[in-house]
Amino acid sequence: MSVQQGTAHRPWVDRILSINGWIIFGFLYLPILILVIYSFSDSKVVGIWGGFTWKWYGRMLTNPEMMGALANSAKVAIVSTVVSTVLGTMAALALDRYRKWLGKGAFDVIMYLPVIIPEVTMGAMLLIWFTQVLPINLSIWTIILGHIAFSASFVAIIVRARLANLDDSLEEAAMDLYANRWTTFRRITLPLIIPGVLGGALLALTLSLDDVIITEFVQGPGASLLPVYVFGLIKRQVTPEINAVSTLMLGISMVLVFVSLAFQARANASGSNKEE
Amino acid sequence: MTLLDDRTSEEANPELEKKAERAESWRGFFVALPTYVFLVLFFVLPLIIIAVISFAERSRTGKPILGEWTLEWWIKLGDPLVRSVTFRSIWLAFLNTAFSLLLGYPFAYWIATRKKAMTRNFLLVLVLIPFWSNFLVRTYAWRTLLDSNGMITKIGEATGLWGKMLFTEPAVFLGLLYGYLPFMVLPLYAAIEHLDWNLVEAARDLYAGAWKAFRKVTLPLSMPGIIAGSILVFIPSLGAYVTPDLLGGSKTTLLGNYIVTQFKSGRNWPFGAALSVTILVIMMIATVIYFKKGGKTL
Amino acid sequence: MAAAVSIRGVTKRFGTDVTAVSNVTLDIVDGEFFSLLGPSGCGKTTMLRMIAGLEFPTEGSIQIFGEELALRPPNKRPVNTVFQSYALFPHMNVEKNVSFGLEMRKVDKAEIGERVAEAIEAVHLKGMEKRKPSQLSGGQQQRVALARALVNRPKVLLLDEPLGALDLKLRQAMQMELKDIQSEVGITFIYVTHDQEEALTMSNRIGVMNFGNLLQVGTPEEIYERPVNRFVADFIGETNFIKGTVTDDGAIRLTNGSVVHVRTDAPSGADVTITLRPEKLRIHALDADDINPARNQLPSTVTRRLYYGESIYYEVAISDGTLLDVRHENIPSLRRWDVGDEVIISFHRDAGEALLS
């Protein structure tokens, strides 16, 4: 990215814009900041400062239900991310790299629907499907299936965008240099779309860790995930322990943000092969 | 299915060309097949079934009885209660979209017009962090702020401007705005950042004032960002569940929690199915209208 | 001489209504530098891609040294391609790019090392082996693409407008270099270009294409001096067109009544168009008495003069209003004319060609 030219404003316009900008940043960050601060407050009531303590983190870590939910979340997130990344990448390849095939038009539409469908609708229809039509008991596996069903589409969109920017003469050149299809994919296509694939995987991971609605619909007895478990706790009673687990979840989100930024930076570095 | 032989020594003819094309086409099909099957099994068929179920009679436990059909649940959508929930949902989603745009545009514009790439990237990361942060946690943050001991309540009481907002409609609105504002800012930023600023300078050169150049050039050219951002905010706002459940009360039920209730304590799955289909239809209509309007202004 | 590439009745249709290449038959001789020339969309690139195996023909035969491979995939053909965009693998350095083809063919390591080093040296990129394509200039990328193809010692090298992305100076330098490399390795080059000057200076033979048809195949001289139709005459170089009719004795009567003599294969009575290159016309004073009798003469008026430095262009009008361009070398022995001068233009009997119109 270069210097933005031709964007000069009058000083007062600039000043108003930047004041507005920092107010919005305040709006976006202060609530989170306060939440984190109160996770260290030695008082049962959130909102009253009672001195610094680590005890809520201790409680969180020794709460078996909470840790069980965390483990379930990790399991669901990892499995659904891996599967949806593979499925989404294959779908993107089929849509972008093959001119026409049986049912392509319909697939193109079906592929995008999970992205725009309201989550409640998705949750409700999966619940009906699993319990009324298929002879499946709700369990951690139904949650995983549900998460894959919406994540795969997000992965496909991201990978497809990457593929669309990839000059297909690179693959032709590989074939011209005696590589077969599989080798071409392994040596050329995959390494060049990997930033997109990883970006999609991170999004799938985030979506899975964020989801409350679909999980609430299709979870089996005793197999709750962390966000749904926390959601239930909040509805019952607000405690600083919730602030502690919230801080933990924020921390996970932050790690994912920075990992994704690192990927993007690398992708930009390798993708700009014609700029110089 | 016959693949063309790699070492064929045949001359080309239309039939063999077709055969080669067909082989290629089958390859594409097989690459898509696993995802295709998965989506048909766990998306398309469920989507069809939920529409079917919305016409089913309900059993005593609330589950649908397949084979006994009724229009009752679709008629029930006209009930005053259901209508008010629907309109409240659409209204709040619309209001949230409008406010996100109003706040988000100058904000995105400000970030996108910083001179140095470093500054722009830094500010962008500051937007990305809340965007990627856990939604439930971000909503929970407002619950404590708006509660009796919360900072915002205390400020309101001290100034005498407002009281405890938790469990009211303004609280739900604030929560939605907070939750989805980053979804508006990112596409707007992308659209404004990629704008060809020479065009704005050309407008200025052709005697347009700063405001006129903005209105006639910058704004229309950032339309794709406005459309994308609006859809990204409107759709989840319309189906919001977590926000009204945590920040709203019984009088601020939105479609999202109303639907969940039908499948839980309400014990009326077929009616929940009808509502689910309704919300999907509203969302699709809104999307189509938006795209049409956007298409005209472009 | 043996035919390196023998193309027989090749047609390529996309869908039902687009015919990109229409019934092309062509032999390309071993060791020759052959150019496919034509405007964009004329089918030249599709023709090249069919030889490379990147497209399959709808109909016809493509043989390389006698082996039929119209329907073989690209990785099973003894040809290599230099792509228009170079298509260098951005995630591999120069060395890896160049060795890719040999690795795919499982040539042994030691030999790969040797041949890659040799190829990189041949294109003057020694010392750049470890650079990524993004760290190279356009000209250097072009050389890597060339080395990557040549290192495989293909029987035929295909080049798809390889110089199109380079600026004029670099392009001219690369033209010379390509030509040198070709005569050094002795491989048949098939070169696709829309730049007629490039085709004329580099090729042994040229095939001119338009709307999927191969219109004319010949040496640069044949194509330039004796175009078979109006399109070829117009596309290659600059030319003037004068309408006329063939008389009984094989001369051409122009619409203004003047009679001129030029080469023609057209039967008497046919409507023809004479094509005349600007540099083959001369302007004389009305009272000039030193005009070679083998030259046709037409009275005309100077209507415009353009000064080009090394030459001067005159636009003259003959009596029926047809405008002709005349190019005079900027040399002292040629008199300068002014707009409005009444003059005579002359051209040799062998200078023009009357084509059926």
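## Helices α3 and α6 of chain A

In this predicted model, α3(A) and α6(A) lie oblique to each other, because their axes cross at roughly 40 degrees and angles under 35 degrees count as roughly parallel, over 145 as roughly antiparallel, 65 to 115 as roughly perpendicular and the rest as oblique. Helix α6 covers residues 140-164 of chain A, and the two axes come within 6 Å; axes here are lines fitted to C-alpha atoms, for helices over the stretch in contact, with angles running from 0 to 180 degrees between N-to-C directions. The crossing is right-handed, a term used when the near helix is turned clockwise from the far one by less than a right angle, anticlockwise being left-handed.

What classes of residue make up the contact of α3(A) with α6(A)? There are 19 nonpolar, eight polar and four charged residues, where Ala, Val, Leu, Ile, Met, Phe, Trp, Tyr, Cys and Pro count as nonpolar, Asp, Glu, Lys and Arg as charged, and the others, Gly among them, as polar.

## Helices α3 and α8 of chain A

Helix α3 (residues 64-97) of chain A also meets helix α8 (residues 181-210) of chain A, with axes that come within 8 Å and cross at roughly 140 degrees. These two are therefore oblique as well, and their crossing is right-handed. On the α3(A) side, the contact (heavy atoms within 4.5 Å) includes Ser73(A), Val76(A), Ser80(A) and Leu93(A); on the α8(A) side, Phe185(A), Ile193(A), Val197(A) and Leu209(A) are among the residues involved. By class, the contact of α3(A) with α8(A) holds ten nonpolar, eight polar and no charged residues.

Chain A as a whole has eleven helices and zero strands, taken from DSSP runs (H or I of at least four residues for helices, E of at least two for strands) numbered from the N terminus. Its C-alpha trace spans about 70 × 65 × 30 Å along the principal axes.

## Chain B against chain A

Here 89 residues of chain B touch 93 residues of chain A. The pair buries about 8,600 Å², 75% of it from carbon and sulfur atoms; buried area is the accessible area (1.4 Å probe) that two parts lose on being put together, summed over both. Phe43(B), Trp132(B) and Tyr140(B) supply 10% of what chain B buries against chain A, more than any other three residues.

Four salt bridges are counted between chain B and chain A, each a side-chain nitrogen of Lys or Arg within 4 Å of a carboxyl oxygen of Asp or Glu. Arg114(B) pairs with Asp14(A), their closest N and O atoms being 3.3 Å apart.

## Chain C against chain B

This interface brings 14 residues of chain C into contact with 14 residues of chain B. About 1,200 Å² is buried between them, 56% of it on carbon and sulfur atoms. Leu71(C), Arg72(C) and Lys76(C) give 43% of the area that chain C buries against chain B, more than any other three residues. How many salt bridges cross between chain C and chain B? The rule finds one, and Lys12(C) and Glu17(B) form a salt bridge at 2.7 Å, N to O.

## Salt bridges overall

Over all chains, the count comes to 33 salt bridges. Within chain B, Lys164(B) pairs with Asp147(B) at 3.7 Å between the closest N and O atoms. The partners are 17 residues apart: Lys164(B) sits in the loop between α6 (151-159) and α7 (169-193) of chain B, Asp147(B) in the loop between α5 (135-146) and α6.

## Conventions

Residues are numbered from 1 along each chain as its sequence is written, and chains are lettered from A and ligands numbered from 1 in the order in which they are written. In this predicted model local features need pLDDT of at least 70 and side-chain atom pairs count only at pLDDT 80 or more, while totals for chains, interfaces and linings use all residues, and side-chain values use heavy atoms, with hydrogens and water left out.
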